[in-house]
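Open the structure in your viewer and keep the selection tool ready. Each stop below says what to select and what is there.

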Amino acid sequence: MSTSLAILQQTELRALNTFGIAAKARELALLQLPSQLAQVHTWLVGRTPLILGGGSNLLITQDIEQPVLAVRLQQAPNAQLRADGSVLVHATAGMQWDALVRWTLSQGWAGLENLSLIPGSVGAAPIQNIGAYGVELGDRLDSLVAWNWRTGQQRTFLRDECSLGYRDSIFKHGEGKQWLILSICLRLDPLGRHRLVLDYGDMRQELVDRGIASPTAAQVGAAVSAIRSRKLPDPARLGNAGSFFKNPVVSASQAQSLQNFFAAMPQFKVPDSDRVKLSAAWLIDQCGWKGYRESDAGVHRQHALVLVNYGQASGAQLLSLATRIQSSVRDRFGVELEAEPSVVPSPL
Ligand SMILES: Cc1cc2nc3c(=O)[nH]c(=O)nc-3n(C[C@H](O)[C@H](O)[C@H](O)COP(=O)(O)OP(=O)(O)OC[C@H]3O[C@@H](n4cnc5c(N)ncnc54)[C@H](O)[C@@H]3O)c2cc1C
């Protein structure tokens, strides 16, 4: 592997984003080694990069004029046993998230099983605090190492310094966007010490169907993978970025007045707060969008939350569809839907 930074011109991005949107990057560099960071700093000076992981949470709406930095730092993960019995697992940003999950489970460490089969890279996982089946990255994150592409400074963020929230972190806002995540450190448990999270969605039923009464973490991971494979469209066959909208969180009083008008509206109290989470999928479905298709841009037939590219949709078409869905939900329910993927270039 060359230590000098290769900068590619006019690179097609279609295979580098799971929506499968065709667009070109004027300049794209592959970051493969930490020793290339100084060259990246020189290359970027005075410019804002688009940092690219697996492209599974991106909506690209036009050719990208800003420099694109594809993070491909891929050293093998390693682990340290702690005196308290826990395990600290270190992994670099370019590793595939699901490969890390499977590696930890194969070592007999529990904690990531509910986060099985989430697409994308390790380095992007903290950006929106990935979550599934009742567990978020933040439940397992110990710390991470990041590099500031503007200043060239490197620093460690402890978990509590990342401002992790529902699909949110410090790295999505203001100066937090200047940090490129190089590696993460997770705190996991050996089997036997870990409390499995099983009361979510179809998990218990899936385990019953598999004849498993007392599952191991690896069995939970396999069950999650099976449910996800059955339910979610595979981006290799149908372009998508998973859930396109976050579930909106509203005040208790707004939730109450909505319930008065729409008795069937699903509502979930947010633990330790007076806020209430609504189901974005339900709101979108009620507005009649499920299965909608316009050219090659559409809303999945079974999942109102998943926008899909049937082949040749442009990012602009998908963004226009998303904007109309937001308007209709706002008009009918007075609720704002926020997009989960990063829209690039940023529309602001
Ligand atoms: C089928 C499908 C199912 C999904 N299911 C889930 C799910 O269950 N839960 C969930 O939370 N998400 C889910 N997602 C969304 C997605 O998988 C995650 O958000 C994932 O973490 C994105 O990783 P990525 O490497 O593809 O990031 P990218 O799409 O490349 O980037 C996403 C954002 O992170 C930034 N970024 C990427 N890498 C770095 C880095 N090293 N340092 C700093 N910034 C960086 C990018 O600039 C961009 O803003 C799903 C997506 C798909 C396609």
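Which of the 32 residues around the ligand come nearest? Select Ile 51, Gly 53, Gly 54, Ser 56 and Ser 121: these are the ones. A residue counts as near a molecule if one of its heavy atoms lies within 4 Å of it.

Before going further, note that this is a predicted model, in which local features need pLDDT of at least 70 and side-chain atom pairs count only at pLDDT 80 or more, while totals for chains, interfaces and linings use all residues. Residues are numbered from 1 along each chain as its sequence is written, and side-chain values use heavy atoms, with hydrogens and water left out.

**Stop 1: the ligand**

A polar backbone atom of Gly 55 is 2.9 Å from an oxygen atom of the ligand. The ligand taken alone exposes 980 Å², and the protein buries 92% of that. Such areas come from the Shrake-Rupley method with a 1.4 Å probe; for residues, only the protein chains shown count as cover.

Now colour the shell around the ligand by class: 15 residues are nonpolar, 14 polar and 3 charged. Here Ala, Val, Leu, Ile, Met, Phe, Trp, Tyr, Cys and Pro count as nonpolar, Asp, Glu, Lys and Arg as charged, and the others, Gly among them, as polar.

Which strand gives the most to this shell? Select strand 13, which supplies 3 residues. Strand 3 (50–52), strand 9 (131–132) and strand 13 (179–190) each supply at least two. Helices (H or I, at least four residues) and strands (E, at least two) are DSSP runs, numbered from the N terminus.

**Stop 2: the nonpolar cores**

A nonpolar core is a set of buried Ala, Val, Leu, Ile, Met, Phe, Trp, Tyr and Cys residues joined through side-chain atoms within 4.5 Å. Buried means under 20% relative accessible area, exposed over 50%, and partly exposed in between (1.4 Å probe, protein chains only). In the largest core, of 40 residues, select Trp 97, Leu 100, Leu 144, Ile 184 and Leu 186, which touch the most other members. Among the elements that each supply at least two residues of this core are helix 2 (97–106), strand 11 (141–148) and helix 4 (217–231). Another core, of 32 residues, lies apart from it and includes Trp 289, Val 329, Val 335 and Val 343.

**Stop 3**

Select Leu 278 in strand 17 (residues 275–278). Is Leu 278 buried or exposed? Leu 278 is buried, because its relative accessible area is 0%. Leaving aside neighbours within four places in sequence, its contacts (heavy atoms within 4.5 Å) include Val 250, Leu 258, Met 265 and Val 335.

Move to Leu 258, in helix 5 (residues 252–261). Leu 258 is buried too, with a relative accessible area of 7%. Beyond its neighbours within four places in sequence, Leu 258 is in contact with Met 265, Gln 267, Leu 278, Phe 333 and Val 335.

**Stop 4: Lys 246**

Select Lys 246 in the loop between strand 14 (239–240) and strand 15 (249–251). Lys 246 is buried, with a relative accessible area of 7%. A polar atom of its side chain lies 3.4 Å from the backbone oxygen of Arg 167.

**Stop 5: Thr 42**

Go to helix 1 (residues 37–44) and pick Thr 42. Thr 42 is exposed, with a relative accessible area of 58%. The backbone oxygen of Ala 38 is 3.1 Å from a polar atom of the Thr 42 side chain.

**Stop 6: backbone exceptions**

Most residues other than glycine have a negative phi, and most peptide bonds are trans. Select Asp 272, which is not a glycine but has a positive phi of about 60°. Asp 272 is exposed, with a relative accessible area of 84%. Ser 295, also not a glycine, has a positive phi of about 50° and lies in the loop between strand 18 (293–294) and strand 19 (297–299). Finish at Val 344 and Pro 345, where the peptide bond is cis, with omega near -5°.

Conventions: Polar contact = N/O pair within 3.5 Å; in protein donor to acceptor, adjacent residues only side chain to side chain.
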